[in-house]
Amino acid sequence: MSRFVSIQTNFSTGELDPLLRARVDLQAYSNALEKATNVVCQPQGGIRRRPGSRYITSLANSGAESAANGSRLVEFEFSTDDSYMLCFTHNRMYIFKAGVLITNINGSGNPYLDTSSVGLTGAKLANIVWTQSADTLIVVHPDIAPVEIVRGATDASWTAGAIAFDTIPKYAFSYTITNPAGTLTPSAVAGKVTLTASSAVFSAGSVGQFVNATPQGRAKIVKYNSTTSVDAITEFPFFNTSAIASGAWDYETGYESVWSVTRGWPRSVTFHEGRLYFGGSKSRPSTVWGSKVGLFFDFEPTEGLDDDAIEATLDTNTFNAIVDIISGRDLQIFTTGGEFYVPQNGLDPITPTNFFVKTASRNGTKEGIRIQQLESGTLFVQRQGKSLNEFAYTDTQATYVTAKISLLAGHLLKTPTRMALRRSVATDENDLLLITNADDGTMAVFSLLRAQNVIAPSEFITVDGSYVDVNVDISTIYTIVKRSIDGVDQYYVEIFDTTLLTDSAKTGSGVVSSVSVAHLEGEIVNILEDGLVQANQEVPSGGTITLARATATGYEIGLPINVEARTMPVDLKLKTGTRIGFKKRIVEVNALVADTQHMRINGKLIPFRQFGPILDQAIEEFTGIKTLHGILGYSQEAKITISQDIPLKMTLLGMEYKVATHQGT
């Protein structure tokens with residue numbers, strides 16, 4: 001029997017895909033975990049218990065307005081002092097500020113804004129796309145006219161209505177060319193002209209149609225004057241102002257508004273360099289439209305000047321339905337068939353004459369999952385939902401390339417439905433990319449520090465619940481959770497809170513002897529009184545918990561969070577080679593912890609309480625090394641499992657462990 005000492009200095013790889021079990025040759029293997037449940041990886045390399053969640057409110061769970069029929073969280077930042085999380089359900093919009101539901105919207109007495117007039121039904125919420133400018137949020141869906149939601153003078157003042165466009169671009173879905181009898185006389189050769197016909201040719205429907213002349217001339221009709229007179233703008237100048245003979249000019253009709261109830265509405269939207277852009281529609285899924293500069297609702301091209309409206313279609317050898325469009329380093333366009341961008345030279349702005357779209361990669365993007373932007377690039381979920389990709393510009397190739405962020409942890413993506421990014425605000429945090437999974441209600445959490453090439457995934461699981469949606473209000477993570485409470489599905493809005501150690505929690509301060517937690521009726525809950533862990537209780541009928549004793553400073557009551565971090569099987573690199581199949585035994589573990597109150601190693605409780613004159617006090621947070629001896633049993637894998645089953649703090653920085661090997665079978 002031989003003994004060896006191994007050190008795992010960090011966990012910066014996070015949870016590793018089981019398909020990589022044999023890849024002990026990978027550098028990532030030595031920093032990985034086989035399981036990382038309800039922990040967050042830190043930039044310094046350690047892992048800590050994930051934050052608990054605070055219960056905010058319940059959403060309707062029956063009738064047409066039930067969150068079961070659809071829900072969506074949308075961020076809205078009004079100013080440096082005022083930011084909100086909007087929660088859409090069927091024909092309703094709830095508004096949250098600083099973790100509090102705003103009530104009595106517009107003096108209606110309701111805690112929500114009625115959105116039935118704009119068609120934001122539950123069935124459409126899964127595929128809405130939005131963008132914001134100042135006090136206005138623009139929401140689009142291919143089946144409803146674009147919606148503008150405006151924040152008024154107060155937190156409770158909001159309106160929702162269909163956008164009143166100044167102009168809508170035209171397209172000839174089917175067109176005809178006729179040769180009217182009589183002559184046509186232009187008032188000028190180019191620019192704004194009046195066209196006068198010698199016979200009744202025009203009607204109010206002539207606006208948006210075209211007149212073509214031989215040998216030269218083409219003009220778009222912009223105003224109807226009479227059956228014989230219209231105003232137009234030339235696309236090609238006329239030869240002269242003489243009357244054009246019958247048969248030498250034609251009338252091109254069939255052009256109609258590209259967006260309408262009949263033709264469908266835009267599918268995606270963003271602001272970029274002074275223009276409002278729409279991407280894709282039901283009838284023209286691969287077309288991008290840009291408004292005139294500063295005139296966000298004017299989309300009709302006129303004179304082709306630099307600030308005029310623009311339009312382009314992604315004509316490639318594959319079908320490219322646009323699902324999202326993002327303002328980044330360049331205007332980035334994500335479709336079901338690939339990723340595109342609009343290149344710009346230096347500081348040159350986009351104009352109608354230089355607007356063209358370039359293909360970057362051919363992965364395709366999953367509809368309904370909003371694109372997220374890091375400093376290093378843009379993150380998107382691949383069309384089939386099997387991988388998380390980064391779309392980033394590379395100076396060496398002078399183009400965008402795609403890399404698979406989830407290459408080492410693809411197993412954590414289980415039919416993803418929502419994605420949000422919480423940017424780091426402290427040195428002990430990474431950026432957190434949060435992805436909800438439809439298959440099992442878990443949340444895949446990627447801890448990212450791209451400057452150091454750190455991608456550390458873990459998985460959030462909540463007791464008796466499934467994560468339905470997630471989004472971020474600046475630094476506050478909101479989530480909609482479907483929970484089975486006393487046999488009934490409930491939908492709760494909750495926020496992650498680093499001060500909490502339980503889920504769907506309620507807290508309070510002062511002297512309290514009983515607490516109402518009716519939203520958890522029938523559930524087994526953790527109880528903290530004055531920082532001390534009390535015996536778990538089942539919430540009785542009526543929802544009121546009677547505490548073991550009256551609190552002195554405060555309490556926390558919520559669902560338990562089960563924490564587990566399991567190392568990869570021990571990899572011993574010897575002179576004779578890596579020994580995967582030899583039996584091994586962990587003899588001793590030295591765990592380096594920080595600000596920790598509780599921990600189990602391989603199921604054995606590690607003592608943290610320091611006995612003193614007063615025992616009825618919260619366990620002090622410990623920083624240092626905790627050692628476990630006497631771990632019995634040989635195995636071919638020899639793993640170390642760090643776990644927690646009570647609501648106390650835990651941060652694990654690294655481990656040193658001694659391994660004994662047995663060369664027998």
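Visitor: How much accessible surface does the protein have, and what share of that belongs to carbon and sulfur atoms?
Guide: In this predicted model, the accessible surface of the protein comes to about 27600 Å², and carbon and sulfur atoms account for 51% of that area.

Visitor: And how many of the residues count as buried?
Guide: The protein has 665 residues, and 53% of them count as buried.

Visitor: Which residues make up a nonpolar patch on the surface?
Guide: Leu-592, Ile-625 and Leu-653 form such a patch, and together they have about 240 Å² of accessible area.

Visitor: Take Ile-625, then: why does that residue count as exposed?
Guide: Ile-625 counts as exposed because its relative accessibility is 54%, and the cut-off for exposed is over 50%. As for its place in the chain, Ile-625 lies in strand β54, which covers residues 622-629.

Visitor: Is Lys-584 buried or exposed?
Guide: Lys-584 is buried, since its relative accessible area is 1%, where buried means under 20%. Lys-584 is found in strand β51, made up of residues 583-596.

Visitor: How far is Lys-584 from Leu-501?
Guide: In sequence, Lys-584 and Leu-501 are 83 residues apart, while in space their C-alpha atoms are 35 Å apart.

Visitor: Changing topic, how many helices and strands are there?
Guide: The protein has 56 strands and 0 helices, and its C-alpha trace spans about 105 × 65 × 40 Å along the principal axes.

Visitor: What about the charges, how far apart are their mean positions?
Guide: There are 55 positive and 67 negative charges in the protein, and the mean positions of these two groups are 8 Å apart.

Note on methods:
Residues are numbered from 1 along each chain as its sequence is written. This is a predicted model: local features need pLDDT of at least 70, side-chain atom pairs count only at pLDDT 80 or more; totals for chains, interfaces and linings use all residues. Side-chain values use heavy atoms; hydrogens and water are left out. Patches are made of residues with over 30% relative accessible area and no salt bridge: like charges are joined within 9 Å, nonpolar side chains (Val, Leu, Ile, Met, Phe, Trp, Tyr) within 5 Å. Accessible areas come from the Shrake-Rupley method with a 1.4 Å probe; for residues, only the protein chains shown count as cover. A salt bridge is a side-chain nitrogen of Lys or Arg within 4 Å of a carboxyl oxygen of Asp or Glu. Helices (H or I, at least four residues) and strands (E, at least two) are DSSP runs, numbered from the N terminus. Buried means under 20% relative accessible area, exposed over 50%, partly exposed in between (1.4 Å probe, protein chains only). Lys and Arg count as positive and Asp and Glu as negative; His and the chain ends are not counted. The place of a charge is taken as NZ of Lys, CZ of Arg, CG of Asp or CD of Glu.
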